[in-house]
Amino acid sequence: MKNKLFIIIIFLFILVIPFDAKAETIAQKRKEIATLKANYQAQQNKKKNAQNNIKTDEQSIKNKESEINTNQQKLTEAENESERLTKEIEEGKKELTNVMEAYQVASGDNVYLEYVFEATSYEDLVYRYAIMEQVMSYMNDKIDSYKDKIKKNEELKVYITNREAELNNQISSLNSEIESLYDDISKYDRYANDIQSDIKDAEGFLNYMVNLGCKDSEELSACQARVNSTNNIGWTKPLVKGKITSYFGYRISPITGRSEGHSGTDIGGNSEGTPVYAIASGTVCKIIRKASCGGNQVYVCSYVNGKKYTACYMHLLNINVSLYQTVYTNTVVGTVGGGSGTRGWETCSTGAHLHLGLGTGWYGSDYTTYTSWKSHLVDARTTIGLPKMGVWWYSRY
Ligand SMILES: [Zn+2]
């Protein structure tokens, strides 16, 4: 039952999304960009909050660590004090014992009274006895108060030990909180980067559509088709001069030595850096940079003689256009590469040349994979009208 529902939901998505995407207008694109920007801002705000939380947590850790330090100092002081008081109690007890011994001697045997107290008279003895009692009571009080203080220090030690464990627990949970906040921040950053590149793409596309003269409520792909068909002045050659060095179709590969399909027409006779022009007006619909086989590649979607085409320029040394840019037949899309200048990344070219591919339909909207682009390939030489292999031309028209 759940599976069925899931399948129905997926099916609805498949049904709904493409229709919605196809019906997109400039106004909707603007809304989409505004939503993306709001989302980007939201990520930035989340990041800022996380950063503030990290600061607060770090301050809190510092405070707790300084409390631990202070407590340690207090503990040491308390321990020193207890040690000192314990010694004093011992000394006090000794003194008391002495006094007690004297008292016992005094009360037990009169003969020793004079000797012990060195009293000169009975009055003097009574006086001395009273003093002795005061001394004993004072000493006892002092010992009691010292014992009290030591007991308090023991309590303080227990408190500080417990408190330290508690603070260390809090610090370690704050540290893991900080760690997860950093994780969150990198998540927000990644997401924000994705959104930013979506915004860039969408804005590029929007500018392109606005420059084409599409109206706010006009359906975008209809507008693109309309404009491309009116702008089009037919095919031109991609290079001012050149000659075909390898045909489209099956051939012996210069790389593998085996017979294999060649996805385009190779044009030689130009050094690296020579400008490559668009063979028809249209839109840059895909850019691939520094592929290990094919190198820098520009795909231009055009509308020629009532049909959709995608032209592909491969092995470029430089790319001179950006995605969704409008190009005309006088637009330089890039420069010839494939020789020493592109050897750093390119492994599928043996020397400077332009590989010109041509397919029907629009790469990026009618199909989105390289495999389906290849299944749409046609022979550029016969389609746009280039001379036979080895025959030079010296004009683009
Ligand atoms: Zn080629």
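A residue is called buried when its relative accessible area is under 20%, exposed when over 50%, and partly exposed in between, using a 1.4 Å probe and protein chains only. With that in hand, Ser82 is buried, at a relative accessible area of 11%. Before going further, a word on the source: this is a predicted model, where local features need pLDDT of at least 70, side-chain atom pairs count only at pLDDT 80 or more, and totals for chains, interfaces and linings use all residues. Residues are numbered from 1 along each chain as its sequence is written, and side-chain values use heavy atoms, with hydrogens and water left out.

Back to Ser82, which sits in helix H2 (residues 26-108). Helices (H or I, at least four residues) and strands (E, at least two) are DSSP runs, numbered from the N terminus. Leaving aside neighbours within four places in sequence, Ser82 touches Ile150 and Asn153, where contact means heavy atoms within 4.5 Å.

Now for the metal. The zinc ion is held by His262 (NE2), Asp266 (OD) and His355 (ND1), at 2.0 to 2.2 Å. Donors here are N, O and S atoms within 2.8 Å of the metal (3.2 Å for Na, K and Ca), and water is not among the atoms, so sites may look incomplete. Along the sequence, the zinc donors follow the spacing H-x3-D-x88-H. His262 is buried, at 5% relative accessible area, and Asp266 is buried too, at 7%.

Next, the rings. Rings of Phe, Tyr and Trp (its six-membered ring) pair if their centres lie within 6.5 Å; planes under 30 degrees apart count as stacked, over 60 as edge-to-face and the rest as tilted. That rule gives seven aromatic pairs. One of them joins Trp235 and Tyr309 edge-to-face, 5.0 Å centre to centre with 75° between the planes. Trp235 lies in the loop between helix H5 (220-231) and strand S1 (243-246) and Tyr309 in strand S8 (residues 307-316), so this pair ties together parts that are 74 residues apart in sequence. Both Trp235 and Tyr309 are buried.

Tyr299 and Tyr363 also pair edge-to-face, because their ring centres are 4.9 Å apart and their planes are at 85°. Tyr299 is in strand S7 (residues 295-304) and Tyr363 in the loop between strand S11 (354-360) and helix H6 (370-375), 64 residues apart. Tyr299 and Tyr363 are both buried, and ring pairs link Tyr299, Tyr363, Tyr367 and Trp373 into a cluster.

Finally, the charges. A salt bridge is a side-chain nitrogen of Lys or Arg within 4 Å of a carboxyl oxygen of Asp or Glu, and the count comes to twelve. Here are some of them:

| Salt bridge | N to O distance |
|---|---|
| Glu24 and Lys29 | 3.7 Å |
| Glu88 and Arg84 | 3.5 Å |
| Lys308 and Asp366 | 3.3 Å |

Lys308 lies in strand S8 and Asp366 in the loop between S11 and H6, so that bridge ties together parts 58 residues apart in sequence. Lys308 is partly exposed at 30% relative accessible area, and Asp366 is partly exposed at 42%. Salt bridges with shared partners also join Glu24, Lys29 and Glu32 into one network.
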